[in-house]
Amino acid sequence: MIDALAQLTVNGIALGAAYALAALGFVLVINAVGAVNFAHGDFVMAGGFLAVAISGYLPADLELPGLVVLPLTMLVAAGLGLLLSLIAYFPLRGRPPVSVFISTIAVAIILQHGTNAIFGPAPRAAPPVFGDGQVDLGIASVSMQQVAVIVVAAVLIGAVALVLSRTRFGRRLRAAAQDPEMAEAIGIDVPLMIAVTFALAISLAGATGALLANQFFVSPDDGGNYMLKAYIAVVIGGWGRIHGAVLGALLIGMFEVVVAAAASYVVAEALLYGALLAVLVLRPQGLFGEAEGRRA
Amino acid sequence: MRKIIVATAQIAFLAGALSSGSALAESVDIPILVPITGFISLEGTAQRNGAVQALETPPAGVSVSYEVSDTSTSPEVAVNALRRAISKGKPVAAAASIFGTQMLAMLPIAKRAGLPLITVSGTAKLTELGNPYIFRFFPGDAVVKVAHARYAVEELGAKRPAIIYQTTSYGQSGRAELARILTKLGAPPVFEEALSVKVKDMLPAITRARAAKADMLLLHLHSGSTALVVRQARGAGWDVPIVAGSAMHQPTTAALLRPAELKGVCAESASSPISESTADVKAFTAEFRKRFKTEPDAFALGQYDGIRMVLAALKDGAKDAEGVRAWLSSHTHKGLAMTYKSDGKGNMAHDALILCYDGSGNAPRIVKRYDNVDGVLE
Amino acid sequence: MRLALAILGSALLAAWGVGFAGPYEQQVLTIAGINALAVLGYQLVFGRLGALSLAQGIFFAVGAYATGLLATRWGLSFPVTFLVSILAPMLVALVVSIPVLRLGSHYFALATLGIAQLGTLVAVNWEDVTGGANGIYGVPEIAAFGQTVPVGSAMLVLVWGLVVFGVILFGLLTQGARGARLATLERSPLAAGAIGIDAGRTRLTLFLIGAGFAGAAGALQAHAVGVVSPAVARFDVMVAILAMAVIGGRGSALGAVLGAVLLTHLPEWFRAFESYYLIAYGVAVLATVILLPSGLAGLIRRTPARPPTRPPNWVATGPLAKSQTGFARPAGLARRPPATLTVAGAGKRFGGLIALEGVDLHISPGRIIGLIGPNGSGKTTLLNLISGLERADTGRVRLDAVDISGLPANHIARLGVARCFQHPDLPGELTAFEAVLAATPGDASAVDRAADSAADRAIGCLRELGIDMLASRRVSDLAAAEQRRLEIARALATQPRVLLLDEPAAGLGENERVDLARQLRQLAEGGLGILVVEHTMDFLLPLADRVVCLVAGRRVAEGEAAEVVRDPAAISAYFGEAPA
C-alpha cells in the first residue's frame, strides 16, 4: 500500500512537472500582454509533433536522440512563438484582451488541423531524453523518461526564474510587463520584450510537448486539455504569479493521479473542477496570493 | 439609404454564396461521409482510405465518382454532410461514419432519402432500429465482444477479469456487451473503470485493477489510451494477459510500443490485413501502403469490402439507391476479410478473430477465428 | 437601424431559404438561425455586460438535453419541452450565478469554463439518463396543436421567426436608456452605481435571459438534428458561439445574425478542401478579427439613441428663468423635494491608517457647503462613505430621517444622493445625450408622473448646464470642461435631493469657472443642497455658504468661508505659513 502510494506520488509529480512547464509559458504571456493565449495547449501538442518530425531527420544510430531533439524543438518552437506574436498579438495591440483570446483560438484551430493534415491523425511517440528503462528506487520504480521530465522541468523553470530575477534582461522583461509606458519612457523596447516573451513561452510549450510526447504520446487534438490544465494552474496559483502557477500545476498533477487511484478518473476530474470553483469563490486571489497590481 | 443598399448587397452576397456549389453531375455517386478531424479521425481516416481505394478501382463497366466530406465530431456536422451529399449528383450509397452517434443522426435522413449507408461502426443500436438502409461491414459489438470475452475466459482462463474502457460511444457500447457476456460465461468483471481520451497517466487504473486482484486486463479503448495502458502495466511489472479491443490491432497502436511490451497482448478484430497471408489481402495491403503511406487496419478493409460489395451490385445491374439496397440485403459477397451476408437487420459481418503479439515484432499473429458468433450468447 | 437590418436580413434569408434553397441549404440555414439565437443571448452577457462567460455552450446543451429527454422518454409535446428547455438553463444559470457572477473577468471566464466542463462530464458519464457518449436519438420533429413542423422550409421559417422575435427582445433590452445604462455599467462601473444602476440585478437578469436564449437554441437544435449527444456540450460549441459574437460584432444583434450565418456556412463552403477545410476556417476567423475590429456589423455604423427632435415646450420659456424665484422648479423638469444630509461621527481606517475620524457634516437644502483640506486629508473618502462606495467603520449618514449608512451605492443614489467624480467617469462611446439618459430613473414610481419622457428630461438636464447643443456628440470627443459639466448634468438626471461634487473646477478656464459657479448657485437656489470638494479657492470661497476644513481625517474648522480662511488651525494645516 505504501509502495503503491509512493509510486502514485512519483507519477503525480512527473505529470505535475510537465503541467508546470506548460503553465509557466502560459503565465509568462499573461504577464507580458495581459491576455490569455488560448493556443498555448496546441503549441504543446505541436512541440510533440515537432519532436517526432525532428527525430525523423536524425541518424538512426544516434545515441540518446532525445538530448538533441529537445533543444532543437525548443528552438523551432521559439520561432513559432515569434510568429504567433506577429500574426495574433501585434496586429491587435491596444484592443481589448478578448480580441487576443479569439485570435489565439483561431491559431489553435489552425495548429490542430494543420497538424492533422501534415502528420495524420495517429498518435505518435517522440524519442526519450535519457533513454528507455526504469530506475528502481526501492519503494517506487521510476521510468527514465519520468526522471527526464522532472529534471528538465526543474532546470527550465529554475533557469527562467533566475533569468527573470537576476539578469538585466530579466528586469527589463519584467518592467515591460508591469508598466509598459514607464518601461518605454526609460528606453526599453517594449515590443521587442513582448516578442521575446512569446518566443520564450512557446519554446517552453515546445519543450513540454517534446517531453510528454514520449511518455504519453501525442495526437493532433491533445491541445485543449493542456491549455485547460495550464489555465487552472494559473488561477489556483494566483493570477500572474510564476511560482504560484508552477505550484498550482504540480498540485493538479498530484491531485489527478492520487484521486483517480483512490476513487476514479471521473471523480478526479469532477473534483478538480469542483476544487477550482471553490478556490475561485473562496480565495479568488488564488491559493498562493495574486501578483500585486496584476489583477485582470 | 446608402446603408440599406450596402446591407442589401451584403445579404445578396451571402445568399449567392449559399447557393453556390450545387451543380449537378450525371454519373453515379458514392459520397464518403466520415470523421477525418477530431478525436475519432484515426478510425475515420482508415474508413476514408479503404473507401477511396475501392472507388478508385471500380469493376469494368461501372463508373462512379466520389467526394469526401468530414463529419468531424458532432451529429450536426454529419447531418449537414449527408444532406449535402443527397442534394448533389446521384448518390446510390454512402460510406458513412464509424462514429455511432453520427450514424444515429444520419439514419432517419438516409431512410427518408432512400440512401443505403455503408459503415464499419460497431455500435449495437444501429441495426436494432429496424432501418433497412444501414449495412454494417464490421462485426458489431455483439459479435466481437463474444470473441473478446470467450477468448479471455475459455482460452486464457480468466476468472477475475478487469475492464478498462473509454468514455466514448465506442467504449461505452463495447463495455456493456463485454460485461454482459463475461457474466454469462461465469467470469463477471471484478473491476471496471472509465477513461476519458484526455487521461494520460494510467497508473491509477492499473493500481486499482491490481488491488481488485484481477487476473486479466480487458481493454476497450481507442488507440492512444490502449498503448498507454499496455506500456504502463508492463512498466509497473504487471504481467497479466491483456486482451484489448480492436484499437490494439491497428498498426499505428502497435507502432507506439516496443515488441517486449507487446508480449502477452492480444486483441479482437474483424481482420488484420497486415497479418493475412492470402494473395488478395497481400495485394490490397501493398496497394494501400503505396497509396496512403500508412498501414491498413480492419476498419479500412471493412470499408473497402463494403464499397466493393456496392460496386458489385452496380456491376450486377443495380441502377439506383433502391437497387443497391435490395441487392445488398439479398446477396452474399465474398470480401477480403470475410464473407458478408445480411442477417436481415443490416449486419453483414458475423466473424471475428483474435490476434496476439508474441514479443518478437509489431505484427500480430491470428490465433483464433470465431465464425458466425453473433447472438450465440443472447 | 442595425436592429431593423437584422430583422429585415433575417426575414430575407428565411424567404430565400424557403423559395430557392434545397434541403441541404435549408438545413445549414436552419442551423445558422439556431446559432444566431444562442449568439443573441451571448451578446447580452459578453457583448453588453462585457463578461467573458464560457458557459453559454453548456446552457445550449442543457436546453438540447431537456428537449431530447422530455420528447423521447415521456413523449411530451413541443410547447412543454420548449418551455422547459428555456427555463432549465435559466435555473442552472441562477444557481451558478450566486458564486460566480461577482468574479472579475478571467476568473469569471474560468469559473464558467469549469461549470461547462462539469456539465460535459455529466452528459458523458451519467449513461442511464443522458445515454452516455451516444446520447439520445430519435428526437421527433416539432409538433404542436396538431401541426408538425418538418425539418426543411417549415422548420426554417419557425427558427428564423424566433430569430426575429429574439432580435426584437434584444432590442427592447438594449435600446435607448437601457442600452445607455448597460454601456455605463460596462465602461464605468463606479459611475453606474452612483447614478443608481443596480449592477448585481442587471447582470443577473441578462445572464439569465442569455441562458434562456441558449436553451431555446439547444431545443431547436435537438429537433433539427434528431440526436442529442455530448457533442452539444463540447467546448467547440462555446468557441463557435464566442467567435460568431466577435466576428459578427460584439454586443450587436445584427452582429449575432451575421456572425452566425457566416461562421455556420464557412466550413460548408470550404468542404472541397477535405481535411484542410478547418485550417481555412481558422485563417478566415483570424483575418476577420484582425481586419474588422468591430466585426461585420461594424461596417454599418451604430445609430445612437436620438435626442427629441422637437424641443419640449418648457425650453421655449427657459427653465433657468423660472428657477430664480427660490424653490420654484423649472416647468417640465421633475424634481424631488430637497433633503438634508447629515453625517455624524464618520470614521474610516485603511489598515493602520486613519482616513477619517469623528467627522460631522450637515448639508441643508439650498446651501452650498465647501469641503477643503490638503491632499490625503480624507475629502474623497468622505464622499465615498456618503455615496456608499466605501463603508464607514463608525458613524451614521442620514438623508432627512432615513439612515443610509452602509447601503449599496446604487440604493443611496436612488434615494437621492448624487455625486460626481474627481475624474469624470463617462462611457466614451455614448453620446452626451445617451450618457445623461442612462441616469434617468427607470421606474415611473420614482419620478413625477406628470413629467415629460426620459428623453425630454435628459435634454433638460443638459440644458440646465448649458450643454444641450452637445447632445449628439460622442463623450470621447468632448473637452475636459464639457465632460465635467456633462457629469453634473448626468447627476441631475437622477433627480438628486443632495449633490456631491469632487473638484468640479479642476482643469477649467477662468470663464468656465464663472459659468459653473453661476450654474451651481442656480441649482442651490432651486433648493438643492450641494457639497463641493475643491482646491481652487477663488472658485470655492465666493460660492460656498459654509466651508468645512479636513486635516488628516479630522474636521479642524467649520464656518462661513471668510471665517475659515482666518481660522488658525486651517491656516497652519492647510494654507501653510502664507494664507491664501
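**Starting from one strand pair in chain C**

Happy to. In strand 6 of chain C, the residue opposite C:Arg349 is C:Ile354. Please keep in mind throughout that this is a predicted model. The two strands concerned are strand 5 (residues 341–350) and strand 6 (residues 353–363) of chain C, which run antiparallel and are joined by 7 bridges. They make a hairpin with 2 residues between the strands, and C:Gly351 in the turn has a positive phi of about 60 degrees. Strand 5 of chain C also pairs with strand 8 (residues 394–399) of chain C, again antiparallel, through 5 bridges. In that pairing C:Leu341 stands opposite C:Leu399. As background, strands of a sheet pair through backbone hydrogen bonds, in either the parallel or the antiparallel sense.

The contact between them involves 43 residues of chain B and 42 residues of chain C. Together the two chains bury about 3900 Å², with 62% of that area on carbon and sulfur atoms. How many salt bridges does the rule find across this interface? It finds 1, and a salt bridge between these chains joins the side chains of B:Arg112 and C:Glu141, at 4.0 Å from N to O.

Chain B also meets chain A, with 30 residues from chain B and 31 residues from chain A taking part. Here the buried area is about 2500 Å², and carbon and sulfur atoms give 60% of it. The count of salt bridges between chain B and chain A is 2. A salt bridge between these chains pairs A:Glu269 with B:Lys198, whose closest N and O atoms are 3.0 Å apart.

Now for the inside of chain B. One of its sheets is open and has 5 strands in the order 4-2-6-7-8, with parallel pairing. Strand 4 (68–70) and strand 8 (134–136) of chain B are the edge strands, each pairing on one side only. From one strand to the next, the twist averages 25 degrees. At one end of the order, strand 2 (residues 32–34) and strand 4 of chain B pair in the parallel sense over 3 bridges. B:Val34 has B:Asp70 in strand 4 of chain B as its bridge partner. Helix 3 (residues 75–87) of chain B packs on this sheet and touches strand 2, strand 4 and strand 7 (117–119) of chain B; the helix direction makes about 155 degrees with that of strand 4 of chain B. Helix 12 (residues 298–315) of chain B packs on the sheet as well, touching strand 6 (94–96) and strand 7 of chain B, and its direction makes about 150 degrees with that of strand 7 of chain B.

Helix 12 of chain B has a helix partner too. Helix 2 (residues 41–56) of chain B packs against helix 12 of chain B at an angle of about 35 degrees, with the axes 7 Å apart. The crossing of these two helices is right-handed. On the helix 2 side, the contact residues include B:Ala46, B:Gly50, B:Ala54 and B:Leu55, while those on the helix 12 side include B:Phe299, B:Tyr304, B:Ile307 and B:Leu311. By type, the residues of this contact divide into 9 nonpolar, 4 polar and 2 charged.

Chain B holds another open sheet, this one of 7 strands in the order 10-9-11-12-13-16-17, with mixed pairing. Why is one side of strand 10 (191–195) and of strand 17 (365–370) of chain B left without a neighbour in the sheet? Both strands stand at the edges and have a single partner strand each, so one side of each has no neighbour there. Neighbouring strands in this sheet are turned by 20 degrees against each other on average, direction ignored. Strand 10 of chain B pairs with strand 9 (residues 161–166) of chain B in the parallel sense over 5 bridges, and B:Ile163 stands opposite B:Glu192.

Over all chains, a search of the whole structure finds 37 salt bridges.

Technical notes. Residues numbered from 1 in each chain as written. Chains lettered and ligands numbered in written order. Predicted model: local features only at pLDDT ≥ 70, side-chain atom pairs only at ≥ 80, totals over all residues. Heavy atoms only, no water. Pairing = 2+ DSSP bridges. Helix = DSSP H or I, 4+ residues; strand = E, 2+ residues; numbered from the N terminus. Axes fitted to C-alpha atoms, helices over the stretch in contact; angles between N-to-C directions. Contact = heavy atoms within 4.5 Å. Left-handed = near helix turned anticlockwise from the far one by under 90°. Nonpolar A, V, L, I, M, F, W, Y, C, P; charged D, E, K, R; others polar. Buried area = accessible area lost by both parts, 1.4 Å probe.
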